[in-house]
Amino acid sequence: MNRPKLYWQALFLLAGLALLFFIDISQGAVKIPLHEIVSILLTDKTDSAWYDIIWFFRLPKAVTCVLAGSALATGGLMMQTFFRNPLAGPDVLGLSSGASLMVAILLLASQSLAFISPLMTNPWIIAAASSLGCTIVFLLIIIIARRIRDNATLLVIGLLLSAATISFVSVLQFASKTEDLQAFVIWTFGSVGNTSWKEILVLSSIILFGGSLAFISIKPLNTWLLGENYAQSLGVNIKKSRLIIVSATGLLAGGVTAFCGPIVFVGLAVPHLVRVVVSSSNHKILIPAVMAGGAILLLLCDIIAQLPGDTRILPINAITSLIGAPVVVWVILRSKTIRM
């Protein structure tokens, strides 16, 4: 791939990211002039009510979009390469379902168990429950990955774990009270607007570690494209690389689910959309590209979700599904057959 073309593609992604980031922080129920937004970002206008809106709501929300979008897209790329399946995504390991199960237990039992109900005012409790659910499923996957050699089998086991946790959640929903069910359903919609700067610091630390593991896995990922036997013939430690790739995806998807809820289709759709712009199979190029692409897509979805002149915001999952579902259909039609 020639360097000038690569530079133009990188410039296109970075320019799109910067533009959508600024548009995102300029949108909302309160109309703030563009020059005031620039002034607030560059100076310390603590006496302005607009300052609080920008710095304590809109800016954290935009930063969360960038972090969550890049993490989910990177996890999706690694899963599609690892399983050599264009329809694989971060959820195939069952992490989101594990998080949903623990949050369901917490929220759907909050009215029945008196000692749980007061804890619901603390957003860290839900994040902790979600993290615990992700961790339990993640540890199960790690144990299984150490015992089996076939990636397709690991994919099937992940899907089965996901189905099992979803069935438990369904039972809890059936037996729950209306108020508890409403709180859980709202959580499943996903949200990028409820994170504080302290939560963003924790989320960024998790994503930084998971992203570092992804960059460490560039060489194994490139060899996985041609199959496990080819990777092994080039001296790749199959068991070690499998654990690193699964661990990276688990951290990226689990961290986002803990603080933003289950956000669908981003990890599945972004790698395919980025390949339209960046025509390369080298993960040294693809990983940074999908990170930018994931951030761009989630910022775009957040902009669309904000109803102009209205205080209401559409669920982020509704928008990601509207964009992601046609991409999945396009992938199926283009590939004609999907290999498992």
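In which helix is Ser97 found? I began with this residue and placed Ser97 in helix 4, keeping in mind throughout that I am reading a predicted model.

**Entry 1**

When I set aside neighbours within four places in sequence, I found Ser97 in contact with Ser162, Thr165 and Ile166.

I then turned to Gly94, which I located in the loop between helix 3 and helix 4 (95-108). Gly94 has 0% relative accessibility and therefore counts as buried. Not counting residues up to four places away in sequence, I listed Val137, Gly158 and Ser162 as the residues that Gly94 touches, and I noted that Ser162 is also a contact of Ser97. I also checked the C-alpha atoms of Gly94 and Ala163, which are 69 residues apart along the chain and separated by 8.1 Å.

**Entry 1: the nonpolar core and Ile263**

Which residues touch the most other members of the largest nonpolar core? I found that these are Phe83 and Ile263, in a core of 92 residues. Helix 3 (residues 49-83) supplies the largest share of this core, with 16 residues. For Ile263 I wrote down the contacts beyond four places in sequence, which are Leu72, Val192, Val256, Leu298, Ile316, Asn317 and Thr320.

**Entry 2: Asn317**

Is Asn317 buried or exposed? I read a relative accessible area of 9%, so Asn317 is buried. The side chain of Asn317 reaches the backbone oxygen of Thr188 at 2.9 Å. Beyond four places in sequence, I found Asn317 in contact with Thr188, Phe189, Gly190, Pro262, Ile263 and Val264. For the relation to Ser162, I looked up the C-alpha separation from Asn317, which is 19 Å for two residues that lie 155 residues apart along the chain.

**Entry 3: the cavity**

I searched the whole structure for cavities of 30 Å³ or more and found one. The largest cavity holds about 30 Å³ of space, and I listed Leu72, Asp91, Ser96, Val256, Thr257, Gly261, Pro262 and Ile263 as its lining. By class, I divided this lining into four nonpolar residues, three polar and one charged.

How much space lies in the largest pocket? I recorded about 620 Å³. Among the 26 residues that line the largest pocket, those closest to its centre are Ile186, Trp187, Gly190, Ser191 and Asn194. The elements giving two or more residues to this lining are helix 5 (123-147), helix 7 (178-188), helix 11 (238-260) and helix 13. I classed the lining of the largest pocket as 17 nonpolar, six polar and three charged residues. Gly190, listed here by the pocket centre, had already come up as a contact of Asn317.

**Entry 4: Ser280**

Last, I looked up Ser280, which is found in the loop between helix 12 (266-277) and helix 13 (283-305). With a relative accessible area of 15%, Ser280 is buried, and its side chain reaches the backbone nitrogen of Asn282 at 3.1 Å.

Notes
Residues numbered from 1 in each chain as written. Predicted model: local features only at pLDDT ≥ 70, side-chain atom pairs only at ≥ 80, totals over all residues. Heavy atoms only, no water. Core = buried A, V, L, I, M, F, W, Y, C linked by side-chain atoms within 4.5 Å. Buried < 20%, exposed > 50% of the residue type's maximum accessible area, 1.4 Å probe, protein only. Helix = DSSP H or I, 4+ residues; strand = E, 2+ residues; numbered from the N terminus. Contact = heavy atoms within 4.5 Å. Polar contact = N/O pair within 3.5 Å; in protein donor to acceptor, adjacent residues only side chain to side chain. 1 Å grid on protein atoms, 1.4 Å probe; cavity = no way out; pocket = protein on both sides within 12 Å on 5 of 7 lines; lining within 4 Å. Points joined across faces, edges and corners; volume = space filled by probe spheres on them. Nonpolar A, V, L, I, M, F, W, Y, C, P; charged D, E, K, R; others polar.
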